[in-house]
Amino acid sequence: MDYILSSAILVLLCLGVCSGAGVINVDLLRGAEGQTVTFTTSVTPASQPFVALTWSFNGTINVITSTNVDVIGPEYENRINLDKSTGSLVLKNLTQRDNGEYELIIIPHGAEQIQGTTKLEVMTKVSRPTMACPTENLIEGKTSVNLYCDVDGFMPARAWMKDGKPLVSDDRFSFYDGNRVLSISPVDRSDTGEFLCNVSSDFNFETAKCSFEVLYGPDTPVIVQTPTGADLEEGVTLSCSADSLPKATFFWRFQNRVTHGPVYYINDVEDENLGVYTCTARNAVTGLEASADHNLTDSSAPIRTSVSMMVCTVLILVGLV
Ligand SMILES: *[C@@H]1O[C@H](CO)[C@@H](O)[C@H](O)[C@H]1NC(C)=O
Ligand SMILES: *[C@@H]1O[C@H](CO)[C@@H](O)[C@H](O)[C@H]1NC(C)=O
Ligand SMILES: *[C@@H]1O[C@H](CO)[C@@H](O)[C@H](O)[C@H]1NC(C)=O
Ligand SMILES: *[C@@H]1O[C@H](CO)[C@@H](O)[C@H](O)[C@H]1NC(C)=O
């Protein structure tokens, strides 16, 4: 009854007087869900307590009406603190329902009523997303993978980054379900690194990360002969290497003999050692193999061959640098 009566009085009074800037210090307050905001006023405390003081929401909803008793709206129990000398109001634990307009009306003793309005904008806070990281072996050119960026609550803006750079869709990267899913098809060795999903609202952002390695190779082996010219009766070493993850194992084939290991030694080159050596690199995880040939020739052989051999070696060395 008290509330209805005082509200009626306030509304009547307000019809005549309420207008202008009002006594609330800001026109618009912003706060995030769960946070606290304070509506401060420029009211100077009077010597006598105010006759009545009321805060309302969206025109009709009582927040608090304070006369000789306080009537607090059900939504506001335990969420507000009112400074009865200035009318300042603290509103705690904001929710989206608090979005809207707030009005303060104060009826002082023997003075004109005091009034103010302001708006409150409650911003949505995003929570930390989760991203499941693939646990299976990711093999270049074979495996496709989906990364899911999941977050509780409302649908925030989502953006994906790789090693700190924004990801855009191309022939291997696609985005689905409002950027919730990043699909990589197929994976490539250049995908090794850190993927990050950034969910954001106007108020805050949160991220989730996933790092993985893409297994690949072996690439075509590179064979280096030292010394580059083989003389009969001298020693020669053939070294084979190939880019691969995990590291490749190697074997050599010369005529019908197989030798394991990346390095092939010939202590003393004889005519029977000349010919084509094949190095094969094998990656046990990708299950792939790659081979290269090397023709071991006598360096006293015709110049043309030596020159082409030199060029080849230089190219290999340049490639290795
Ligand atoms: C804030 O509001 C939510 C939802 O109404 C409630 O579950 C939570 O207990 C409140 N927290 C506090 C600190 O009052
Ligand atoms: C309060 O008013 C605003 C617009 O001024 C509206 O968006 C909001 O839904 C209203 N809230 C309630 C709980 O009535
Ligand atoms: C996430 O997105 C927000 C909004 O676009 C941006 O301000 C923030 O810098 C981003 N954070 C990261 C780690 O990329
Ligand atoms: C290897 O080199 C020798 C000497 O130049 C040449 O006669 C021979 O044909 C080469 N073998 C192959 C398979 O290229």
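The legends below describe close-up views of a predicted model.

**View 1. The surroundings of ligand 3.** In this predicted model, ligand 3 is surrounded by M161, N198, S200 and F205. The protein buries 47% of the 360 Å² that ligand 3 exposes when taken alone. Two residues of this shell are nonpolar and two are polar, with no charged residue in the shell. A polar side-chain atom of N198 is placed 2.3 Å from an oxygen atom of ligand 3.

View 2. The residues around ligand 2 are F57, N58, R97 and N99. Taken alone, ligand 2 exposes 360 Å², of which the protein buries 39%. The shell consists of one nonpolar, two polar and one charged residue. From N58, a polar side-chain atom lies 2.3 Å from an oxygen atom of ligand 2. N58 belongs to the loop between β3 (52–57) and β4 (61–66). Its relative accessibility is 44%, so N58 counts as partly exposed. The backbone of N58 has a phi near 50°, a positive value in a residue other than glycine. Most residues other than glycine have a negative phi.

**View 3. The open sheet of β13, β12, β16 and β17.** Four strands form this open sheet in the order β13-β12-β16-β17, and their pairing is antiparallel. The edge strands, each of which pairs on one side only, are β13 (165–166) and β17 (205–212). Strand β12 (residues 157–162) is joined to β13 by two bridges, the two strands running antiparallel.

View 4. Strand β20 (residues 249–254) pairs with strand β23 (residues 275–282) in the antiparallel sense, over six bridges. Within this pair, W252 stands opposite C279 in β23. β20 also pairs with strand β21 (residues 257–260), again in the antiparallel sense, over four bridges. Here the bridge partner of F254 is R257 in β21. The hairpin of β20 and β21 has two residues between the strands, and Q255 in this hairpin takes a positive phi near 55°.

**View 5. T143 in the loop between β10 and β11.** The loop that holds T143 runs between β10 (130–131) and β11 (145–150). T143 counts as buried because its relative accessibility is 14%, and the limit for a buried residue is under 20%. The side chain of T143 reaches the backbone nitrogen of I139 at 2.8 Å. Not counting residues up to four places away in sequence, T143 touches E136, N137, L138, I184, P186 and V187.

**View 6. D298 in the loop between β24 and α2.** D298 is located in the loop between β24 (289–296) and α2 (303–320). With a relative accessibility of 19%, D298 counts as buried. If its neighbours within four places in sequence are left aside, D298 is in contact with A230, D231, L232 and L274.

View 7. T226 and P227 are joined by a cis peptide bond, with omega about -10°. P227 has its place in the loop between β18 (222–226) and β19 (236–241). The peptide bond from L245 to P246 is also cis, and its omega is near -10°. P246 is found in the loop between β19 and β20. Most peptide bonds are trans.

**View 8. N179 in the loop between β14 and β15.** N179 lies in the loop that runs between β14 (173–176) and β15 (181–184). The phi of N179 is near 70°, which is a positive value in a residue other than glycine. N179 counts as partly exposed because its relative accessibility is 26%.

Key
Residues are numbered from 1 along each chain as its sequence is written. Chains are lettered from A and ligands numbered from 1 in the order in which they are written. This is a predicted model: local features need pLDDT of at least 70, side-chain atom pairs count only at pLDDT 80 or more; totals for chains, interfaces and linings use all residues. Side-chain values use heavy atoms; hydrogens and water are left out. A residue is near a molecule or strand if one of its heavy atoms lies within 4 Å of it. A polar contact is a pair of N or O atoms within 3.5 Å; within protein, one must be able to donate a hydrogen and the other to accept it, and residues adjacent in sequence count only if both atoms are side-chain atoms. Accessible areas come from the Shrake-Rupley method with a 1.4 Å probe; for residues, only the protein chains shown count as cover. Ala, Val, Leu, Ile, Met, Phe, Trp, Tyr, Cys and Pro count as nonpolar, Asp, Glu, Lys and Arg as charged, and the others, Gly among them, as polar. Two strands pair if DSSP finds at least two bridges between them. Buried means under 20% relative accessible area, exposed over 50%, partly exposed in between (1.4 Å probe, protein chains only). Contact means heavy atoms within 4.5 Å.
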